[in-house]
Amino acid sequence: SVRYGSNEAQTLTAANADMQEKYPETVGTALPGVELEIVDDEGRSLPAGEPGHVRVRTPWMPSGYLDSPPEIERRTFRDGWIHPGDIGVLNEDGMLFIKGRADDMINYDGIKIVPSDIEAALLSHPAVAEAVAFPLPSPRHHHIPAASVILRHDASADELKAHCRRILGARAPA
């Protein structure tokens with residue numbers, strides 16, 4: 001089985017073999033007593049399928065750290081929730097999929113982009129052997145999604161961008 005948790009809140013989700021067979025990338029569903037949500041930057045709940053910040057609440061969680069700096073407290077403990085710093089997606093069945101760390105998220109004109117989604121789209125192209133996605137700073141757009149690839153055989157940048165746009169739409173790398 002697979003489990004997901006944090007030091008602050010212990011084990012939060014679990015996936016048994018049947019769940020893993022149906023959804024190989026899942027870390028499972030919330031355990032009894034665990035409230036789990038995916039939220040935007042302002043703490044509003046997001047619908048199934050939308051990536052956002054994982055936040056959790058349990059009866060056994062602490063309310064803060066002992067003698068920690070205020071900025072750490074604000075980042076981790078807010079409004080009665082623990083924010084472990086992960087980006088995740090919940091599907092319609094309540095399965096949690098971890099997409100990465102919040103500090104890795106690309107923000108392109110308010111569109112939140114998980115680098116691993118760009119990498120997966122690129123890797124689905126037969127010419128791409130390896131891919132890495134990253135943000136480029138932009139004063140106009142906050143970030144511009146970018147990527148570098150190692151190719152198995154020739155493919156143009158335009159071909160790869162078009163491939164990603166078909167899969168990711170506005171979340172495709174520039």
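**Pocket.** I started with the largest pocket of this predicted model, and I find 16 residues lining it. Arg 75, His 83, Pro 84, Gly 85 and Arg 101 are the ones lying nearest its centre. I then checked which elements give two or more residues to that lining, and got β1 (2–6), β5 (52–57) and α2 (70–76). For the volume I noted about 290 Å³. Sorting the lining by residue class gave me 4 nonpolar, 6 polar and 6 charged.

**Whole chain.** Next I stepped back to the overall fold. I have 4 helices and 13 strands down for the protein chain. Its C-alpha trace spans about 55 × 45 × 25 Å along the principal axes. Of the 174 residues, 39% are buried.

**Helix pair.** I looked up how α3 (residues 115–123) sits against α4, and their axes come within 9 Å. The crossing angle is roughly 120 degrees. Roughly perpendicular stops at 115 and roughly antiparallel needs over 145, so I put α3 and α4 down as oblique to each other. For handedness I wrote down a right-handed crossing of α3 past α4.

**Arg 165.** While on helix α4 (residues 157–168), I picked out Arg 165, which is found there. Is Arg 165 exposed or only partly exposed? Its relative accessibility is 47%, and exposed would take over 50%, so I logged Arg 165 as partly exposed. I also took a distance from Arg 165 to Asn 91: the two are 74 residues apart in sequence, and C-alpha to C-alpha they are 22 Å apart in space.

- Gln 10 is not a glycine, yet I read a positive phi of about 65 degrees for it. I place Gln 10 in strand β2 (residues 10–15). With a relative accessible area of 53%, Gln 10 goes down as exposed.
- Asp 109 is not a glycine either, and I have its phi as positive at about 50 degrees. Where does Asp 109 lie? I find Asp 109 in the loop between β10 (106–108) and β11 (111–113). Its relative accessible area is 47%, so I call Asp 109 partly exposed.

Note on methods:
Residues numbered from 1 in each chain as written. Predicted model: local features only at pLDDT ≥ 70, side-chain atom pairs only at ≥ 80, totals over all residues. Heavy atoms only, no water. 1 Å grid on protein atoms, 1.4 Å probe; cavity = no way out; pocket = protein on both sides within 12 Å on 5 of 7 lines; lining within 4 Å. Points joined across faces, edges and corners; volume = space filled by probe spheres on them. Nonpolar A, V, L, I, M, F, W, Y, C, P; charged D, E, K, R; others polar. Buried < 20%, exposed > 50% of the residue type's maximum accessible area, 1.4 Å probe, protein only. Axes fitted to C-alpha atoms, helices over the stretch in contact; angles between N-to-C directions. Parallel < 35°, antiparallel > 145°, perpendicular 65-115°, else oblique. Left-handed = near helix turned anticlockwise from the far one by under 90°.
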